Amino acid sequence: MPSKKATLQVEGKTIDLDILTCTLGPDVIDVSSLFKDGYFTYDSGFNSTAACESKITFIDGEKGVLLYRGYPIQQLASDSNFLEVCYLLLNGELPNKQEYDSFCNHVTHHTMVHEQIRNFYNGFRRDAHPMAIMVGVVGALSAFYHDTLDINNPEHRAISALRLIAKMPTIAAMCYKYSVGQPFMPPRNEFSYAENFLHMMFGTPCEELTPSPILSRAIDRIFILHADHEQNASTATVRLAGSTGANPFACISAGIGALWGPAHGGANEAVLNMLHEIGSVENISKYIKRAKDPDDTFRLMGFGHRVYKNYDPRAKVMRETCHEVLEALGVHDEPIFKLAMELEKIALQDEYFIEKKLYPNVDFYSGITLRAIGIPSNMFTVIFALARTVGWVAQWNEMISNPYRLGRPRQLYTGPTEREYVGIPER
Ligand code: CMC
């Protein structure tokens, strides 16, 4: 029973509300009973509203802290690997050796997609955006796994989770191969998760790819850093879709759609488009001026964050990896990367960005890193979706495993009051 109470005085009435305590972060006033007193709360953009209880990920945006199941993202990025992080997010604890081996083995043996899935790709135009293909193909997986769609069965949920995590790199790489007209490369079981992705992206039947350790590590880090981020727009979408009882493939497909926008996962692609638009170091000041102009809709892509009002801890790690990759590939002198580094420097020193706490976010550096690895910019958000799938699945599973209600927001209605219909001749 919550011991702390908040009191709301409204139009002469006093309403007592429970205060729910957290292990970390601000306490939460429970307003769910308020409608019985005739009120809704209004919080457009969810600035102050917790939509669920969760034990998975914690962010302190003021201090720049990100924890997965209590572990700091910096430690996981430097000492762990993506599949271990997947296990942690899904199960709540780090695996022992046996659990880890068994989990990796299961994921590795679910990486192939049904042969009929190829036909879906052939239905798309070659110039289709890979996110458009991914939304469709992931949603369509629900047509292939009727055997495990009972969301109330924990075993079905676990198999669906494995299938999604295992097949995402295959589906993502197939999006790329289709767009460049190359044959799909089947997954290879001797590779790690990240190596396998690089192999399916860049290997061909004529020339096998030996994935470079630095690039594989960079990809693995990108996956770790994007694996979960508590209740962001796409995760909230997955939970909302899941609250209707929809199957996990449909829910993750909804999440992919929400991730696509440039204010969310589409930002890494938008960073590269922006760098191309800026064109050269000489033009930076013009674009910085535009970003500051309140009458101009232009924003510096890859800067700012809804939650982090301090340096995004993921960006710190990604910055290191980005420089490592540019160095290893010997491309830091290429104009686009020079431009990116100069933009970072100028924005970090500019009063406007400092005052508004607009630091480079993870997508600024991941976009540049992926571009250096040779991945086309329209694949960036696909890679974000691939990595975030584990977070979406963990959050969805957490919701379904506990008592939950259909998500159904209220509104502040400001439209016309009731009026009489008038036929066309009288209008
Ligand atoms: N460039 C220039 N000005 C900016 C930027 C930017 N990138 N971001 C915010 N501002 C200004 C904004 O104009 C506003 O100014 P004012 O107070 O004078 O009206 C102020 O900073 C606060 O911005 P906001 O839009 O109210 O803040 P928000 O929390 O709603 O927006 C954001 C967060 C991420 C949508 C925004 O910073 C943005 O559009 N950034 C660029 C896109 C981007 O990089 N998105 C990726 C986010 S990280 C990936 C993820 O986790 O999904």
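Start by selecting Arg 408, which counts as exposed at 64% relative accessibility; exposed means over 50% relative accessible area, buried under 20% and partly exposed in between (1.4 Å probe, protein chains only). You are looking at a predicted model, in which local features need pLDDT of at least 70, side-chain atom pairs count only at pLDDT 80 or more, and totals for chains, interfaces and linings use all residues. Residues are numbered from 1 along each chain as its sequence is written, and side-chain values use heavy atoms, with hydrogens and water left out.

Arg 408 is in the segment after helix H17 (380–401). Helices (H or I, at least four residues) and strands (E, at least two) are DSSP runs, numbered from the N terminus.

Now zoom out to the whole chain. You will find 17 helices and six strands. The radius of gyration, taken over C-alpha atoms, is 23 Å, close to the 22 Å that the globule rule (2.2 Å times the number of residues to the power 0.38) gives for 427 residues, so the protein chain is as compact as a globular protein of that length. Of its 427 residues, 47% count as buried.

Next, select Glu 11, in the loop between strand E1 (4–10) and strand E2 (13–20). Glu 11 is not a glycine, yet its phi is positive, about 45°. Is Glu 11 buried or exposed? Glu 11 is exposed, with a relative accessible area of 70%.

Last stop: Arg 69, in the loop between strand E5 (65–68) and strand E6 (71–72). Arg 69 also has a positive phi, about 50°, without being a glycine. Its relative accessible area of 21% makes Arg 69 partly exposed.
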